[in-house]
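Please look over the sequence and the structure below. The briefing that follows treats strands, aromatic rings, a helix contact and a loop residue in turn.

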Amino acid sequence: MWVIVPTLILIQLAVIFFTLRQSKLYEASAEVLLSRQSLAATLTNTQDPIASQDAQRVAQTQADLARVPRVAERVIKATGIPITPGQLLAASSVSPKREADLLVFTVSDDDPDVAPRLASAYARAFTNYRRELDTVAYRGARRGLEARLATLADEGRRGTALYADLVEREQELRTLEALQIGNTYVVRPAGAAVQVRPTPRRNAILGLALGLVVGIGLGFLREALDTRVRSAEEVSERLGLPLLARVPEPPRRLRSGAGLVMLAEPTGAQAEAFRVLRTNVEFAKLDRDVRTIMVTSALEGEGKSTTVANLAVAYARSGTRAALVDLDVRRPSIDRFFRLGRLPGLTDVALGHVELEDAIARVSVADGEPAGRERAAGNGSASVEGTLHVLACGPLPPDAGEFVASQAVTEILQDLRERYELVLVDAPPLLHVGDAMTLAAKVDGLFLVSNLRQARRQVLSEARRILETLPAAKLGVVVAAAQLERGTAYAYADYYIRSHAREASREPVA
């Protein structure tokens, strides 16, 4: 509708502008009868060749004959209107009337009085011109006989049989010429001129029809060229995965400062989306032995790292002994969310520089406490409620693909699986490099994050093709930037706001 309606309005405005700028034009018509009966042929009992011809062809021939400049010159001479033959022919038309032996002479002019004068004069000029054409042969023959008779008379041969015969023939020609009164008659002179331009009502109807056709055509063209995905349901359908949650974009201040909603506003409306995601992940892995979950996306910048970090905090706040591992060894970002600084990470452990226990950072995510690293609790077997265990990436390896496929990474993930109830792995995007496909063989399950700002049909189709080849369990899809989806993005947010409003309105108990 955002394409059709503006197109319709613009075309209608253009039609109105065009209509207002048009000069007035008037049109008048006269009719001429084409008679198919020849009086001369009837009286002389001869065959008229025109009577056997096709009526439509005869009418079209007469219409073409009326368009010769000589007829136009006669019209101008008869009316005295200052116009050239070319202008008259350009402003007029002669056409056979359908299913009738009539020619319609139509003339257009910007003066309502001139148009009917020209149309009537045009019809009369044609009938006179046609009558002259019909008698020109008889006049030529008669003049030839008159010249011959004059010659015989000068020679003194008036009494001869030849002279008498020529006189008789000359009389017959005079009779035939008189009988050839023409086969065209003006049967309806032009009446009052009718305004044919501008026509606001007709133009408005045509503009409406044109606007609808063009608008709908542009709408279909835009739909065909626009490959964006508009809803979370369409993302889920194209990926063939269940929808785990819709999560909104974090506020601008958190995006610019690499902050997390679950840490900055753990009781806010947006944080509730990640609690919904945590619950749905639990349902998705129900009756499955899924303890290591890889989080990836089709392309970079879709919010997978922010999503997995917030989800990890939501698990830690619920009392689950959870670990967050940054295995996006090409563009790691988990350390920025938790302000870990230059601490040893997964690559240090893989190289044997530090022990796994020493590389894991304990981040407090309890209410009222700022996020920060804690000391290790003994041998790491103890669990502190509200504490998230984070294993950052560490120094970037020179060959990320080979590193992710190494046995050392497999052993680290296996060790983490045995230590924690849940291990969340931040993995690279699916379609850029093969790291995520390699990691899919080392984890129990995975889910995809898709951003509505970037989701395209072809991208989702390619991501689905790759997902179908991965061995890990596909838990579902999380749709980020859900505020772009009208009507459903903030369903839980509205509920949360109303709940807090009701709580605030209650009177304290004495």
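**Strands, rings and a helix pair**

Strand 2 (residues 92-96) and strand 3 are joined by 5 bridges and pair in the antiparallel sense. Strands pair if DSSP finds at least two bridges between them; helices (H or I, at least four residues) and strands (E, at least two) are DSSP runs, numbered from the N terminus. This is a predicted model, in which local features need pLDDT of at least 70 and side-chain atom pairs count only at pLDDT 80 or more, while totals for chains, interfaces and linings use all residues. Residues are numbered from 1 along each chain as its sequence is written, and side-chain values use heavy atoms, with hydrogens and water left out.

**Strand 3 and its hairpin**

- Serine 93 stands opposite threonine 106 in strand 3.
- Strand 2 and strand 3 form a hairpin with 5 residues between them. In the turn, glutamate 99 has a positive phi of about 60°.
- Strand 3 is mostly covered, with 8 of its 8 residues buried. Buried means under 20% relative accessible area, exposed over 50%, and partly exposed in between (1.4 Å probe, protein chains only).
- Leu102, Val104, Thr106 and Ser108 point one way from strand 3, while Leu103, Phe105, Val107 and Asp109 point the other way.

**Strand 1 and its partners**

- Of the 10 residues in strand 1 (residues 25-34), 7 are buried, and the strand is mostly covered.
- Strand 1 runs antiparallel to strand 3 (residues 102-109), and 8 bridges join them. Leucine 33 stands opposite leucine 102, and glutamate 31 stands opposite valine 104.
- Strand 1 also runs antiparallel to strand 4 (residues 184-188), with 4 bridges. Here glutamate 31 stands opposite arginine 188.
- Strand 5 (residues 194-197) is joined to strand 1 by 3 bridges, again antiparallel. Glutamate 27 stands opposite valine 194 in strand 5.

**Aromatic rings**

- A pair of aromatic rings is described by the distance of the centres and the angle of the planes. Rings of Phe, Tyr and Trp (its six-membered ring) pair if their centres lie within 6.5 Å; planes under 30 degrees apart count as stacked, over 60 as edge-to-face and the rest as tilted.
- The count comes to 2 aromatic pairs. Phenylalanine 105 and tyrosine 122 are edge-to-face, at 5.1 Å centre to centre with 70° between the planes.
- Phenylalanine 105 lies in strand 3 and tyrosine 122 in helix 6 (residues 114-154), so this pair ties together parts that are 17 residues apart in sequence.
- Tyrosine 122 has 0% relative accessibility and counts as buried.
- The rings of phenylalanine 105 and phenylalanine 126 are tilted, because their planes are at 45°, and their centres are 5.7 Å apart.
- Both phenylalanine 105 and phenylalanine 126 are buried.
- Phe105, Tyr122 and Phe126 are linked by ring pairs into a cluster.

**Helix 12 and helix 13**

- Helix 12 (residues 271-284) and helix 13 (residues 304-317) pack at an angle of about 80°, with their axes 9 Å apart. Axes are lines fitted to C-alpha atoms, for helices over the stretch in contact, and angles run from 0 to 180 degrees between N-to-C directions.
- The contact (heavy atoms within 4.5 Å) involves residues including Phe274 and Leu277 of helix 12 and Leu311 and Tyr315 of helix 13.

**A loop residue**

- Serine 333 is found in the loop between strand 8 (322-326) and helix 14 (334-337).
- Serine 333 is buried, with a relative accessible area of 7%.
- Not counting residues up to four places away in sequence, serine 333 touches Ser305, Asp326 and Asp426.
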